[in-house]
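Open the model in a viewer and keep the selection tool at hand. The stops below each say what to select next and what is there.

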Amino acid sequence: MMGWKRGLKIAVGGLVALFAIGAGWTYYSKPWVYPVSIKDAGPTGTRIVTDGLFGNYFPSPDGKRAATILLIGGSEGGLGLHMTLFAKALQSAGYTVFHLSYWRAPSQPKRLEEIPIEYFEKALIWLKSQNAVDPERMAMAGWSRGSEATVLVAARHNGLKAIILGMPGSHVWPDFDWEAPWASKGTSGWSIDGKRLPAVSLENVPFTLDPATGAASALAETVKTPAAALPIAGVSIPVLMICGAKDNIWASCPMARAMKATANSAKKADVSLIEYSDAGHVAFGAPAERGSKLHKSFGNFGGGTADANQAALENAFPKMLSFLEKSFEAKQ
């Protein structure tokens, strides 16, 4: 009997030790951290590291003055593959594009916290001095968290002629860190004039392993912080929003609808929304080659199937080009 008890204690002790080792390995290896990527500009572009800016610059194919897009990604940070391919696709369509990083790149913040909106305006000023940029035809496009900054920049009336919002948020959201994505310091993602902007609080959003449930819980918190609503009614230029109804990163379609309703109430008629019922969070950008590794990966992140996200990308990309062309023509 004593031997049996001693064996049980040893077995339990071993399990506890294994659990502790496993928990320790999980904590220090942090498998939940989305790896940052800093893609090269390649032969058609140039890495820009100047005046505090960090990004890849893709001049128009012929190097002549062209309509220009300032492009920013979201919580992935850096200069990831998805937005890099989007930038190159826009370049191939005749545009000059500046794919700008604002966090997780060298010498940039490691947290998405109180990023100055003036940083993006500095990029617009830099662009206006480039030979391949037509300063009278400039637009901005932002994906996911980058959509927040895009609206905030556009509302400051700095020469943009149009904006495109991919999988947009309707409010300023709080700080974010991949090291502890479930925790917030209670600050804001953005600042203006050195002051943090009001942000939605996630303090009462319960932690869950179900992305859809988490997105719905976070969405419910937006009504509690009206001061954090993005100033879409104050944007005096055309706006195109694209969302996926199966987005499980956050509720981009409900938030896009809320912004459109706000714009309509303010008699702002030039806000358009394209919804894809079967697409998820990656249905914004440029389509991949059918059957490619990238195409297949579209079903591994953010909701929706690979084919549904690919179909949305194939449908939306020419619509974005048409939107930009009409917006620039209308302002000439």
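Select Asp270 and Lys268: in this predicted model, their side chains meet in a salt bridge, with 2.8 Å from N to O. Asp270 is partly exposed at 30% relative accessibility, whereas Lys268 is buried, with a relative accessible area of 8%.

Next, select Arg111, Glu113, Asp175, Asp177 and Lys185. Salt bridges with shared partners join these residues, Arg111, Glu113, Asp175, Asp177 and Lys185, into one network. A search of the whole structure finds 14 salt bridges, and two further ones are worth a stop.

Go to helix H4, residues 145-154, and show the side chains of Arg145 and Glu148. The two residues form a salt bridge whose closest N and O atoms are 2.5 Å apart. Both lie in H4, three residues apart, about one turn of the helix. Why can such a pair face one another? An α-helix has 3.6 residues a turn, so residues three or four places apart point the same way. Are the partners buried or exposed? Glu148 is buried, with a relative accessible area of 0%, and Arg145 also counts as buried, at 8%.

For another salt bridge, select Asp40 and Arg47, where the N to O distance is 3.9 Å. Asp40 is exposed, with a relative accessible area of 59%; Arg47 is partly exposed at 32%.

Move to helix H3, residues 117-128, and pick the C-alpha atoms at its two ends, which are 18 Å apart. At 1.5 Å a residue, the twelve residues of H3 should span 16 Å, and the distance agrees with this. Colour the buried residues of H3: Ile117, Tyr119, Phe120, Glu121, Ala123, Leu124, Trp126 and Leu127.

Now switch to a cavity display. How many cavities of 30 Å³ or more does a search of the whole structure find? The search finds one. The largest cavity holds about 50 Å³ of space. To see its lining, select Gly73, Gly74, Glu76, Gly77 and Gly78, together with His99, Leu100, Ser101, Tyr102 and Trp103.

Finish on the surface with Tyr34, Ile249 and Phe301, which form a nonpolar patch. Together the three residues have about 240 Å² of accessible area. To place Phe301, show helix H7 (293-297) and helix H8 (306-330): Phe301 is in the loop between them. Phe301 is partly exposed, with a relative accessible area of 33%.

Conventions. Residues are numbered from 1 along each chain as its sequence is written. This is a predicted model: local features need pLDDT of at least 70, side-chain atom pairs count only at pLDDT 80 or more; totals for chains, interfaces and linings use all residues. Side-chain values use heavy atoms; hydrogens and water are left out. Patches are made of residues with over 30% relative accessible area and no salt bridge: like charges are joined within 9 Å, nonpolar side chains (Val, Leu, Ile, Met, Phe, Trp, Tyr) within 5 Å. Accessible areas come from the Shrake-Rupley method with a 1.4 Å probe; for residues, only the protein chains shown count as cover. A salt bridge is a side-chain nitrogen of Lys or Arg within 4 Å of a carboxyl oxygen of Asp or Glu. Helices (H or I, at least four residues) and strands (E, at least two) are DSSP runs, numbered from the N terminus. Buried means under 20% relative accessible area, exposed over 50%, partly exposed in between (1.4 Å probe, protein chains only). The expected span of a helix is 1.5 Å times one less than its number of residues. On a 1 Å grid over the protein atoms alone, a cavity is a set of points where a 1.4 Å probe fits but cannot get out, and a pocket is an open set with protein on both sides within 12 Å along at least five of seven lines; lining residues have an atom within 4 Å of a point. Grid points are joined across faces, edges and corners, and a volume is the space filled by probe spheres set on the points.
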